[in-house]
Amino acid sequence: MTRTEGGFTLVELAVTILLTGLLFAFSVPAFQSISQSHQLKGAAENVAGQLRMAREKAIATGVDQPVHFVGTNVYHIHFTSPYSIPFAWTLPRGVTYAAAMDNWYTMRKDGRCSASGLIILSNQRGIRDTVSVQLSGLVLTQ
């Protein structure tokens, strides 16, 4: 009478664990790449949203709203009277301005902007996203 045992050998288990480890090792960098791309896109949308919010606030209150971009990853809104910085935002880790910035965009009470320009954001892989500010006050992401 022969008896067969059910189950897996040690070699089969080792090969399965090895293959699972390899799949995991190859999937982590791909996941990080996708995550960085989403962070960059989200940061550009947030910057554009804050500029649009400053424009709407200027129109609603009748007071100009200056937005200041500082250094490599900070932007904030200034209040002119009294002079203060009630809100400041930083870009997500790994996302910076493509060039060091010290730019001002003042959203005026008539809905227009004091200057036009591009705010170029970059992630660690060198991928860039752009926020365009136009003199008409229109803010676009590209």
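Colleague: What relative accessible area does Phe69 have?

Modeller: Quick caveat: this is a predicted model, so local features need pLDDT of at least 70 and side-chain atom pairs pLDDT 80 or more, while totals for chains, interfaces and linings use all residues. Numbering runs from 1 along each chain as its sequence is written, and side-chain values use heavy atoms, without hydrogens and water. Phe69 counts as buried (under 20% relative accessible area; exposed is over 50%, partly exposed in between; 1.4 Å probe, protein chains only). Its value is 0%.

Colleague: Which residue pairs with Tyr75 at 25° between the planes?

Modeller: Start from the four aromatic pairs in the structure (ring centres within 6.5 Å, using the six-membered ring of Trp; under 30 degrees is stacked, over 60 edge-to-face, the rest tilted). Phe69 and Tyr75 are stacked, 5.5 Å centre to centre with 20° between the planes. Tyr75, buried at 4%, also stacks at 5.5 Å and 25°, and that partner is Trp89.

Colleague: How many residues in the lining of the largest pocket are polar?

Modeller: The lining includes Phe31, Gln32, Arg93 and Gly94. Two are nonpolar and one is charged (Asp, Glu, Lys and Arg are charged; Ala, Val, Leu, Ile, Met, Phe, Trp, Tyr, Cys and Pro nonpolar; the others, Gly among them, polar). The polar ones number seven.

Key: 1 Å grid on protein atoms, 1.4 Å probe; cavity = no way out; pocket = protein on both sides within 12 Å on 5 of 7 lines; lining within 4 Å.
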